[in-house]
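Visitor: Hi, I'm new to this one. Could you walk me through it?
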Amino acid sequence: MALYPQAEFLLSANDPRQFPVDRGTEVAFAGRSNSGKSSAINTILGRRSLARTSKSPGQTRLINFFGLGGEERLVDLPGYGFAKVPVAMRQHWGELIQTYFEGRESLNGVVLIIDARRGLTDQDRQLIDWIETAPRQIHVLLTKEDKLNRNEARQALSTLTRELGSRATAQLFSAHSGSGLEAARSRLRDLLGDRQKSTPVASATGAD
Ligand code: GDP
């Protein structure tokens, strides 16, 4: 069954003035182009194609807002790190995202998508700094776990948790195999404040 059966596309914004009214609770998904962000959103929500998986990486420069029912929203931030994107567009992306993170009061938490084979990049680190301009929780999904063997997956998780420490929780995830899916869903509910008390996912396992 879908996690949020009422999930629906609300609007795409290219300018902060187009953002929906800043009320209720929002969780944003962010990550490099091709990190598996759209696949993660669709798998976690149990909806095949709510977020469009990128056919041509770097093309979407818009912030996509989805309503989850009530005053809850999921926000799909444009992927970054695609080398062929023109400088002016990259600059626009930076300003848009920075404005979003600095001013968005309903933003409660961010799910940061990192390709487990790649690990944290400087752009991910920059993004984390922007996210932390306000007190917000960050949860990292180390995606495409199915492409790693057990040892590599464990290494990827421990490298990440060593660098981020208490700044984020983290887990392994695969949209293809479904590993880590229940943990990711549970964390999303926490970030949206759907449970009274948040129960941190043990950061050393990707197991459900
Ligand atoms: P986005 O650009 O970050 O939204 O990434 P997409 O979700 O469009 O995925 C980019 C590519 O990675 C696509 O070819 C997906 O099929 C692939 N991909 C996404 N998730 C997984 C996963 O869990 N395992 C594997 N092996 N490939 C994945």
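This is a predicted model: local features need pLDDT of at least 70, side-chain atom pairs count only at pLDDT 80 or more; totals for chains, interfaces and linings use all residues.

Visitor: Okay, rings then. How many aromatic pairs are there?
Guide: The count is seven aromatic pairs. Rings of Phe, Tyr and Trp (its six-membered ring) pair if their centres lie within 6.5 Å; planes under 30 degrees apart are stacked, over 60 edge-to-face and the rest tilted. One of the pairs is Phe 19 with Tyr 100, edge-to-face at 5.7 Å centre to centre and 90° between the planes.

Visitor: Where do Phe 19 and Tyr 100 lie?
Guide: Phe 19 is in the loop between β1 (8-13) and β2 (25-31), while Tyr 100 is in helix α2 (residues 87-103), so the pair ties together parts 81 residues apart in sequence. Helices (H or I, at least four residues) and strands (E, at least two) are DSSP runs, numbered from the N terminus.

Visitor: Is Tyr 100 buried or exposed?
Guide: Tyr 100 is buried, at 1% relative accessibility. Buried means under 20% relative accessible area, exposed over 50%, and partly exposed in between (1.4 Å probe, protein chains only). Tyr 100 also pairs with Phe 65: the ring centres are 6.4 Å apart and the planes at 70°, so this pair is edge-to-face. Phe 65 sits in strand β3 (residues 63-69), 35 residues from Tyr 100.

Visitor: Which residues form the aromatic cluster?
Guide: Phe 19, Phe 65, Tyr 100 and Phe 101 form one aromatic cluster.

Visitor: New topic: what is the place of Thr 25?
Guide: Thr 25 is in strand β2. Thr 25 is buried, with a relative accessible area of 18%. Leaving out residues up to four places away in sequence, Thr 25 touches several residues, including Glu 71, Arg 73, Asn 108 and Leu 191; contact means heavy atoms within 4.5 Å.

Visitor: And which residues line the largest cavity?
Guide: The lining is Phe 29, Ile 44, Val 111, His 139, Leu 141, Ala 184, Arg 187, Leu 188 and Leu 191. On a 1 Å grid over the protein atoms alone, a cavity is a set of points where a 1.4 Å probe fits but cannot get out, and lining residues have an atom within 4 Å of a point.

Visitor: Which element gives the most to that lining?
Guide: That is α5, with four residues.

Technical notes
Residues are numbered from 1 along each chain as its sequence is written. Side-chain values use heavy atoms; hydrogens and water are left out. On a 1 Å grid over the protein atoms alone, a cavity is a set of points where a 1.4 Å probe fits but cannot get out, and a pocket is an open set with protein on both sides within 12 Å along at least five of seven lines; lining residues have an atom within 4 Å of a point.
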